[in-house]
Amino acid sequence: MGPKSLRLTRLIVGQKFRVTLSLILVCASVSLGTAQTVQVDATPSHVVNQFSPLFALGSTVDRVPSNATDMFFRPDQIQQVRSAGWGVISYRQNTDLFVQAWHWNPKGTWSDPAGKGYFTGDATPTQEMIRHSYGYSLRHRGFTRNNGTEFDGFSRLDDGDPESYWKSNPYLTQMFTGEDDSLHPQWVVINLEKKESVNAIRIAWAEPYAQSYQVQYWVGDGDAMDEQDKGAWKDFSSGIVTDGKGGVATIRLNASPVETRYVRVLMTLSSHTCDAHGSSDRRNCVGYAIREIYLGTIGADGTFRDLLRHSPDQKQTFTLCSSVDPWHDRSDLYVAPDRMESGDQPGFDLFFTSGITRGLPAIIPIAMLYSTPEDAAAQMTYIKKRGYPVSYIEMGEEPDGQYMLPEDYATLYLQFATALHRVDPNFKLGGPVFEGVTEDIKVWPDSQGRTSWLGRFLDYLRAHNRLQDLAFMSFEHYPYDGCETPWKNLYQEPELITHIMQVWRDDGLPPGIPLLDTETNDHGGEAAVDIFGALWLADSFGGFLTAGGRSSHYYHDLSYSPPHPACDNSWGTYHMFMVDEHYQIKQRTAQFFAAQMLTQEWAQPKDAEHRLFRASSDVKDAEGHVLVTAYPLQRPDGQWSLMLINKDYDHAHQVHVVFHAGESNPPQSFLGPVTRITFGKAQYQWHPNRKSGYADPDGPAATSTLVGDERTLYTLPAASVTVLRGNVQAVDRR
């Protein structure tokens, strides 16, 4: 889940921890026996990762309010952003989350010359630079809300307008997939919000209508959409239709009402009749379309009682759908000031020439869920002609957040991959860009009972001999739930990031396909800008790389700090800076300093190989929580750099650091000058005050020099990130 994805994550926080800490002695005269120990496995053959910081420690750029772009990309603002030290940038694609078509280039051609239909951006660069790009709301959407549109947009399934209609994506039909439509059934789901008595449905079909479909209800304890493996869809006794004729169909589904919260219409055979846009484009004549849907009961006298609320806004009864036709017209442009959801995907020319990419190849997305293969190919043709460097191409955005079935995503993936590889067979494509989950993503069981989203996606690629089209697997990491983030949540990293990465491997992701965390931050509450956010950031990035990840990307560079739309306690979330009313940077937040600790103190800020090893500590509280995590790095300058995160909010800890380079070698330690850099509560204090929240003190990190040997104790202040840097060797006692 991203900041764009406001539905609560699937993380279920376990038991509530009560932290009982023992007294810690921190004075310099403490004897070696009372200190706790950090053990570093420095055996050369035990290296867990090798990386260049410029490519492994990255950041992101996302959609911003349309009136903020020019300020954010002003040279003096970019200079402050770059001072954080991040490397490769991952450009985030937000319009998929808002069920919009993205015009990455404002100039292009429509499938209908009248200025409507399917839009393809102009692939030919001109002297005019693309500074802004926007989303266009889709006419035929079936979502009341989804993970991006919590406040804007609505479903056409129950908007009360008999002329509007939902329509499924034509690219999921046999004309494009080459497979029978029954292998990609399309569906709409009605969420009644609580169990109601249901025995009838009325469907006002548009063209094309379903000739074969099933009306089903949800049985089980789990949520039909968010716990899809904890229940099943069951056909109503009279809910199977094999000879649909379109028009308005009223069906008595059961002799007696069924108590249910969710009802699904599953469509498997289309009439292939053309919708209101005409027969000149075959995309108008495939898939399924519904004008309005009604659900409730039919009494003995034949009276239909509708349970749904029909209105052209989000007060309507909540509906969801399998896909949406990306048809739109020029009047659907959605731009409003001061709102990200109606804002600007910064233009590619502005992005690549502003300096924010640091001259490094960027990770670039293509819109896929609500776009066309032709438009994706045009986008990458344009970028290639401009000569802009690209490392990876992400395919779509958060299909799990759109409740898209893996087989539907997979067939789109292959269609778009084919189009992109015609532009350049060397393009490295990947996804699925999962939202921030901490457990495996489960979907309704298929005919073989399989419920793993990623497992089924990979199986589809294998079955079509196209696994080679997946050059990387990407996901987002947003681990915490709700609007309050208690300090105890900090103890869950790095286990959370390590666990979910192992889940993807267990799902069948081959070991040779790298993992990219292309968007990450801790949470949308006030904790993000408090010292919590700094400690989490260091721990999560260190944990990701220790687990073998290729690159992780901080969310995000542009200092957009609005009130969080779901959390009224925070204005500074997900960013390294607070800004004023004109979007100009006015103050750094904790995560700015954490970024510098990672990119300029722990790692050496250059494109050279760093070798990462494992470390463990025995610093625990009375409940067994590890309070100090450690990440040892062998830098190209020959120094060892040990990043230590003290998660004890109230107490400092002294640690003895021991390096083990193999069983046959004696223990080693830092020897000689040791540089210590610390950032914690003493350097930073956040004072919440909604929009006027501020930090005082506000950094910087504190630097000192120690003389190390095998008996040296290193003090880790309470709630801090500390980097120790120096040379390591055994002490010669001869």
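Biologist: Which residues of α8 are buried?

Modeller: Buried means under 20% relative accessible area, exposed is over 50% and partly exposed lies in between (1.4 Å probe, protein chains only). In α8 they are Trp 453, Leu 454, Gly 455, Arg 456, Phe 457, Leu 458, Tyr 460 and Leu 461. That's eight of the 11 residues of the helix (453–463), so α8 is largely enclosed by the rest of the structure. Keep in mind that this is a predicted model: local features need pLDDT of at least 70, side-chain atom pairs count only at pLDDT 80 or more, and totals for chains, interfaces and linings use all residues. Residues are numbered from 1 along each chain as its sequence is written, and side-chain values use heavy atoms, leaving out hydrogens and water.

Biologist: What covers the buried residues of α8?

Modeller: Look for contacts, meaning heavy atoms within 4.5 Å. The cover includes α7 (406–423), β22 (429–434), β23 (472–477) and α9 (495–506). Those names are DSSP runs numbered from the N terminus: helices are H or I with at least four residues, strands are E with at least two.

Biologist: What happens at the start of α8, and what comes just after α8?

Modeller: At the start, a side-chain oxygen of Ser 452 comes within 3.1 Å of the backbone nitrogen of Gly 455. Just past the helix, Asn 465 has a positive phi of about 55°.

Biologist: Now Asp 223. Where is Asp 223 found?

Modeller: Asp 223 sits in the loop between β12 (210–219) and β13 (232–241). A salt bridge needs a side-chain nitrogen of Lys or Arg within 4 Å of a carboxyl oxygen of Asp or Glu. Asp 223 is buried but has none; Arg 261, the nearest side chain of opposite charge, is 4.2 Å away. For charge, Lys and Arg are positive, Asp and Glu negative, and His and the chain ends aren't counted.

Biologist: Which backbone nitrogen does the side chain of Asp 223 reach at 3.0 Å?

Modeller: That of Asp 226. A polar atom of the Asp 223 side chain also lies 2.8 Å from the backbone nitrogen of Met 225. Beyond four places in sequence, Asp 223 touches Trp 218, Gln 228, Arg 261 and Tyr 262.

Biologist: How many bridges join β12 to β13?

Modeller: Two strands pair if DSSP finds at least two bridges between them. Here there are six, and the strands run antiparallel. Gln 216 stands opposite Asp 235 in β13. Both strands belong to an open, antiparallel sheet of five, ordered β13-β12-β15-β10-β18. β13 and β18 (318–321) are at the edges with a single partner strand each, so one side of each has no neighbour in the sheet.

Notes. A polar contact is a pair of N or O atoms within 3.5 Å; within protein, one must be able to donate a hydrogen and the other to accept it, and residues adjacent in sequence count only if both atoms are side-chain atoms.
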